[in-house]
Amino acid sequence: MTSATLLTPATSSRPGGERPGKTTRAAERAYIRVLVVLDTTVLAVAILVGYLARFGDEEPTGSEIPYVVVAPALLLVWLVSLKAMRCYDDQVLGYGADEYRRVSAASMRLAGGIAIAGYIADVGVSRGFLAISFAVGTVGLEVARFAARKRLHRARDRGAGWSRKVLVVGDTAHVLELVHTLRREPYAGYQVVGACIPDALLAPVPQRLGDVPVVGSFRGIPEAATAIGADTVAVTASGELTATRLRRLGWQLEGTGVDLVVAPALTDVAGPRIHTRPVAGLPLIHVEAPEFRGARKLVKGFVDRSISLIALLVLAPLLIVIALAIKIDSRGPVLFRQTRVGQGGEEFGVFKFRTMVVNADALLAELAARNETDGLMFKMRDDPRVTRVGRLLRKWSLDELPQLVNVLLGQMSLVGPRPPLPSEVARYDGDVARRLLVKPGMTGLWQVSGRSDLSWEDGIRLDLYYVENWSLAADLTILWKTFGAVINSRGAY
């Protein structure tokens, strides 16, 4: 998922010097070495698979160049292609989709280049060998990068692993907001180690913004970064940081090994909606309007209904087993149908497997004081209304499988905001009501980010982010992450 705060690289000053944080730099190099070893291993295996799948035990014929030369040469050129596409650039490693796009682009461009060169030079290298090798290698590279990134994310969540040490610069309110945003997703790899605030706000005694030490003012940003070992300066909004001062700051950081990034006040807008257009020497940021209808929406609806139909057919035996278990465990119907609010405020009946006793709604008033979440929802970890089978179904989110019928009927989407109750919608303000601009989903950013462990504010923020920035690629990513969220059972109760 894209970070809520856009970090736009302003300048990169790596070539002129070493990063101040030697430990950070060593950890970064170690991670890159691991990636190089992984890539080399994957490509060697892919080329071997391509050779065996094409020739098996037979002796290759028709090629003027022996494959004992072709195979190592292909491996070397492939690694060079990855390097040329900056697949080992620390600006894209560990977070975001750009790393995966570059790996795929490097492989596809190399495949196209070899095909054209082979045709022009009339080299008799087997096309089947190359096709299999590139297919296996490209997929293998993506899987290996994904595995390496997940291991890095787990290390970062523990406070270990390679992370950038960030000095935040700006007004106090914007500094606190950026610190909160970066700490909300520690796996992104931005560790705040200090802050610089305007000169007028400095006090003669040591200051802290929350638990972040104030290490200087706008007059001594490079010195402050060096003093605390920061390798990144993140500049957020401030009336004193004019375009001229920001440009001079970039000059001052040249050759120091410290990167400069700018965090504009524009938040919760995904990268594909943002385009930088140079006008009169100014990098103006153009933000495209959210898309709530059109051809892409039609494609999304078709994909939703197709997948839901296939899933219902494949999962039919499991659905029958769950229905029998519910019937045996407690008195009442197998399915629970509840009124929810969908796109445009239209009400519909959402289907779920019953996980509570039949008089659960009547008992809610008695339990209201034990609500464990803020906002408009009721959540309770040890809810006495939940049945034995219901507790198991909720743990693995199996109670939500009947919602595939709602998706098939066009009332819901596979991915979208959480479907709210009419009582919740009645108390929505203007901002929260934007959740109703799209169909609710079986899963969403709230599902893969903690589910019931999230606060009401964070859940709404994620839903609104999805509404504004949805895409088919993002939907596939969320569906993939949903499996991990279900297996981990985090926030499921």
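Author: Contact means heavy atoms within 4.5 Å. The model discussed here is predicted, and in its protein chain 73% of the contacts between residues at least 6 apart in sequence join residues at least 24 apart.

Reader: How many helices and strands does the protein chain have, and what percentage of its residues count as buried?

Author: The chain holds 16 helices and 13 strands. Of its 493 residues, 44% count as buried.

Reader: Why is Arg-102 called buried?

Author: The cut-off for buried is under 20% relative accessible area. Arg-102 has 17% relative accessibility, and therefore counts as buried. Its place is in helix H3, which covers residues 98–121.

Reader: Which residues does Arg-102 touch, not counting those up to four places away in sequence?

Author: With that exclusion, Arg-102 touches Met-85, Arg-86, Cys-87, Asp-89 and Val-92.

Reader: What makes the pairing of Arg-102 with the backbone oxygen of Arg-86 a polar contact?

Author: A polar contact requires a pair of N or O atoms within 3.5 Å, one able to donate a hydrogen and the other to accept it. A polar atom of the Arg-102 side chain lies 3.0 Å from the backbone oxygen of Arg-86, so the distance falls within the 3.5 Å limit.

Reader: Where is Arg-86 placed, and why is Arg-86 called partly exposed?

Author: Arg-86 is in the loop between helix H2 (67–84) and H3. Partly exposed lies between the limits of under 20% for buried and over 50% for exposed; Arg-86 has 45% relative accessibility, and so it counts as partly exposed. The phi of Arg-86 is near 60°, a positive value in a residue other than glycine.

Reader: What is the phi of Ser-397, and how do you know whether Ser-397 is buried or exposed?

Author: Phi of Ser-397 is near 60°, again a positive value in a residue other than glycine. Ser-397 is found in the loop between helix H11 (388–395) and helix H12 (403–408). Its relative accessible area is 11%, and Ser-397 is therefore buried under the 20% cut-off.

Reader: Why is Val-215 called partly exposed?

Author: Val-215 has 30% relative accessibility, which means that it counts as partly exposed, since that class lies between 20% and 50%. Val-215 lies in strand S5, residues 212–217.

Reader: Which residues does UniProt list for "transmembrane region", and how much helix is in residues 127–148?

Author: The unreviewed UniProt entry lists residues 30–53, 65–82, 103–121, 127–148 and 306–326. In the model, residues 127–148 are 100% helix and 0% strand, with end C-alpha atoms 31 Å apart. Residues 306–326 are 95% helix and 0% strand, and their end C-alpha atoms are 28 Å apart.

Reader: How many cavities of 30 Å³ or more are counted, and which residues line the largest cavity?

Author: The count is one cavity of 30 Å³ or more, and about 30 Å³ of space lies in the largest cavity. Its lining consists of Val-341, Pro-417, Arg-418, Pro-419, Pro-420, Arg-435, Leu-436, Val-438 and Pro-440.

Definitions and conventions. Residues numbered from 1 in each chain as written. Predicted model: local features only at pLDDT ≥ 70, side-chain atom pairs only at ≥ 80, totals over all residues. Heavy atoms only, no water. 1 Å grid on protein atoms, 1.4 Å probe; cavity = no way out; pocket = protein on both sides within 12 Å on 5 of 7 lines; lining within 4 Å. Points joined across faces, edges and corners; volume = space filled by probe spheres on them. Helix = DSSP H or I, 4+ residues; strand = E, 2+ residues; numbered from the N terminus. Buried < 20%, exposed > 50% of the residue type's maximum accessible area, 1.4 Å probe, protein only. UniProt positions renumbered as here; feature names shortened; annotations may be inferred.
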